[in-house]
Amino acid sequence: MAKYEILFKQLRLAILRGEYAPNDRLPSENAIAIKHGVSRITSKRALNELAAADLVYRVRGGGTFVKPHKSTTQRQILLVLPFPETTSFGDYPSGIQGTLAGTTWQLKLMANERFIQLNLDELASQYAGIIYYPQNLATELPILMRLYAQKNATSRP
């Protein structure tokens, strides 16, 4: 993997983890190059790749800024489990919260039975993502399919 690709992935992850808020200015090309031990051309290419991925916008002579988008404004992930109060099947919440530590992301835990009673419009707008552990796929799959279709329809320009 090329150096600019490695740097791009590191910066992308920092943005998605919330280390840079919407409209925050990223360090300059030179500052990034020095910090990461790469050439300025490599840092410039990584920043250009971030712009191509629609994560940042560049202002000539002004710098590179984090572009406001869904993953920087919605900071909650919903974890839906059949039995959220027990760790008999694995301690999923702790593992996810460990990954989210040091970020601005929050994990919300909910039982499947409560999830299927919620309004799909609210779910689609409130959470950046949903991790779903099915309990009864026959009854839950139609709800998940409607939620998926609704999320895709609202995210198109």
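Student: What puts a residue in the lining of the second largest pocket, and which residues lie nearest its centre?
Tutor: A pocket is an open set of points on a 1 Å grid over the protein atoms alone, where a 1.4 Å probe fits and protein stands on both sides within 12 Å along at least five of seven lines; a lining residue has an atom within 4 Å of a point. In this predicted model 11 residues line the second largest pocket, and Gly 129, Ile 130, Leu 144, Leu 147 and Tyr 148 lie nearest its centre. Residues are numbered from 1 along each chain as its sequence is written. Local features need pLDDT of at least 70, side-chain atom pairs count only at pLDDT 80 or more, and totals for chains, interfaces and linings use all residues, while side-chain values use heavy atoms, without hydrogens and water.

Student: Which elements give two or more residues to that lining, and which gives the most?
Tutor: They are helix H7 (120–126), strand S5 (129–132) and helix H8 (137–155). H8 gives the most, with four residues. Helices (H or I, at least four residues) and strands (E, at least two) are DSSP runs, numbered from the N terminus.

Student: How do the residues of this lining divide by class?
Tutor: Nine are nonpolar, one is polar and one is charged. Ala, Val, Leu, Ile, Met, Phe, Trp, Tyr, Cys and Pro count as nonpolar, Asp, Glu, Lys and Arg as charged, and the others, Gly among them, as polar.

Student: What is the class count for the lining of the largest pocket?
Tutor: There the count is three nonpolar, five polar and four charged residues. Arg 25, Glu 29, Arg 58 and Arg 60 are in that lining, so under the class rule they count as charged. S1 and strand S2 (63–66) each give two or more residues to the lining of the largest pocket.

Student: Why are the buried residues of H2 said to line one face of the helix?
Tutor: Glu 29, Ile 32 and Ala 33 are the residues in question, in helix H2 (residues 29–36). Their directions, seen down the axis of H2, fall within an arc of 100 degrees, so they line one face. The arc is taken over the directions from the helix axis to the C-beta atoms. Buried means under 20% relative accessible area, exposed over 50%, partly exposed in between (1.4 Å probe, protein chains only). On the other side of H2, Ile 34 and Lys 35 are exposed.

Student: What do the buried residues of H2 pack against?
Tutor: They pack against helix H1 (3–16), helix H3 (40–52) and strand S1 (56–59). Contact means heavy atoms within 4.5 Å.

Student: What is the relative accessible area of Asp 54?
Tutor: Asp 54 has 42%, so it is partly exposed. Asp 54 sits in the loop between H3 and S1 and has a positive phi of about 65 degrees although it is not a glycine.
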